[in-house]
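Please consider the model shown here. The discussion begins once it has been displayed.

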Amino acid sequence: MGADEERARLGSKPTAAPKTRAVVLLPVVRGEEEDRREPEGRLAEAVGLADAIALDVVEARVVAVRTPRPATLFSTGLLDEITAAVKALDAELVVVDHALTPVQQRNLERAWGAKVLDRTALILEIFGERAQTAEGTLQVELAHLTYQRSRLVRSWTHLERQRGGFGFLGGPGETQIEADRRQIAERIGRVEKALELVRRTRALHRKQRQRNNQPVVALVGYTNAGKSTLFNRLAGAHVESRDLLFATLDPTLRKLDLPHGRTALLSDTVGFISHLPTGLIAAFRATLEEVTLADLVIHVRDISHEETDAQAADVVATLSAIGVEPGQQQVLEVWNKADKLSDETRAERQAAAAAQGAVLISAETGEGVDALLAAIEARLATGAEVREVTVASSDGALIAWLYRNTEVLSRRDEGESVHLTIRIPEAQVADTRHRLGDPLPKPEPQSGPYQP
C-alpha cells in the first residue's frame, strides 16, 4: 500500500507533490540591444513566469555577461560560481531568461547537473499547461514541435545511433537524428493542416458576422494587464482571471452590448510579453488573425505597473509583427487598474488619458466602464451616418428593423408619429435608405466594356 493510500485509510489527506526547486538567472549580455526595462524588473517577470508553472524559486539573480561563450554563454568563472550555488541549493531546474543554443543548453545541463530551460522553453511549458481547447492545444503543439526541431543538432550524441538499411547494399541507413527530424516534420505538417482547417472555419464565421453587421472588438495587452477581468466585466463571461502571467490562453468570443442597442463581438486573446518568440507568434496565427481583422483593437494597459510604458511598447512591437499598425487600424488604449493608484497619481493619469484619447478604468471595481463602452460605440460608429427620421407609430416592423440594424440615439413619440435620431453603420446605409424610401444615389457611369 502506498503512502497516500495509507493516509486515506487513516483518514488524513494525501500530501501534495513537492514543487520543483528552481534557480532563475537573467543574463545581461554586453553588446546586445538595450532593453527598455531595468534588469530588476525583467528578473521579477522571469520569476513570475516560473511561478506560473508552480516552480519553487529558491534563488533569482541577474548575471552580467561581458563576453558570451559559444559553448556555455557564461565564462568559466561564472559557470563555476553558478554550479556551486545550484548544488548548494539542491536545485533540480535552472531557468535562463535568455535564448540558448542547443549546444549551450546541453553543456549547461552537464555542468550543473540539472534540467535547463531557456525563455522560449519556459513560455512553452506555461502554454502547454494553460491550453484547454482543441485549437489552443494544436497551436501549443505546433510551437513545441518547431522548437524541438531546432534542438536536433549533431552535438546531441544520444541521437547519433544508426539504424540498419534495407538489403545488402542499403548502407548504414538513416541516423536516429534524421529519423526524429523526419517524424517531427511529418507531425508539424499534420498539425498545420488541422490549424488551416481552423483558419478556414474562422473565415467562414467572420463572413457570417459581416453579413449580420456584427463588428469585432479585440482585447490585446501585456500578460497580466487585466484583459480577462475586463472581458468578464464587459461581456458577463466567466473566463478565468488570476494575478498570474498567462492565466488564460485560449481565445474566447462573447457578445458585447453597447449603450444604444447595437451589439458587437468581444474577443479575448493570449497576452503578449517582451521578447515573445517568433515561433509562438507563427503558431498562434489563426487566433491572432482575429486581431488583424478586428474593427477595433483595445490595448489594455496595467497603468499601475512601474514599467507600463515599456510594456506598452512591447505590445505595439508585437502588434506590428502581426500586421496591426495604429495608423491603419483603430486602436483604443484602456488604462486599467486605476483602483491601485493613489489619489494624486489617479488625477494625473486621468488628465493624461483625456489628453491622449485613452480611457482610465478599473476592471476590478467597474470604475470607468460606462465611459469605455461609450468610447467603443463612438469608435465603431466612425464613418456612420447620423440622421433624424419620422416613422408612423403603426409601422412596428420598420421601427423594430431600425432598432436591430441601426443605433437609436433618441426617440420622441408624438401622436401617430415616432421621431428617431439614428446612427447608421456604413454597411447598412444603402439598405436603410431603401427601407425609408430614400432614392439611392445613381451609380457611376462604367468605363470600358460591360462586366457582370
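Predicted model: local features only at pLDDT ≥ 70, side-chain atom pairs only at ≥ 80, totals over all residues.

Biologist: In what order do the 4 strands of the open sheet lie?

Modeller: Strands (E, at least two residues) and helices (H or I, at least four) are DSSP runs numbered from the N terminus, and two strands pair if DSSP finds at least two bridges between them. Strand 2 (56-65) and strand 4 (115-118) each pair on one side only, as edge strands. The pairing is parallel, and the order is 2-1-3-4.

Biologist: Which residue of strand 2 is the bridge partner of Val24?

Modeller: Strand 1 (residues 21-29) pairs with strand 2 in the parallel sense over 9 bridges. In strand 2, the partner of Val24 is Ala60.

Biologist: Is Glu416 buried or exposed?

Modeller: Glu416 is placed in the loop between strand 12 (407-414) and strand 13 (417-424). Buried means under 20% relative accessible area, exposed over 50%, and partly exposed in between (1.4 Å probe, protein chains only). Because its relative accessible area is 68%, Glu416 is exposed.

Biologist: How far apart in space are Glu416 and Ser393?

Modeller: Beyond its neighbours within four places in sequence, Glu416 is in contact with Val391, Ala392 and Ser393, where contact means heavy atoms within 4.5 Å. Glu416 and Ser393 are 23 residues apart in sequence, while their C-alpha to C-alpha separation is 5.3 Å.

Definitions and conventions
Residues numbered from 1 in each chain as written. Heavy atoms only, no water.
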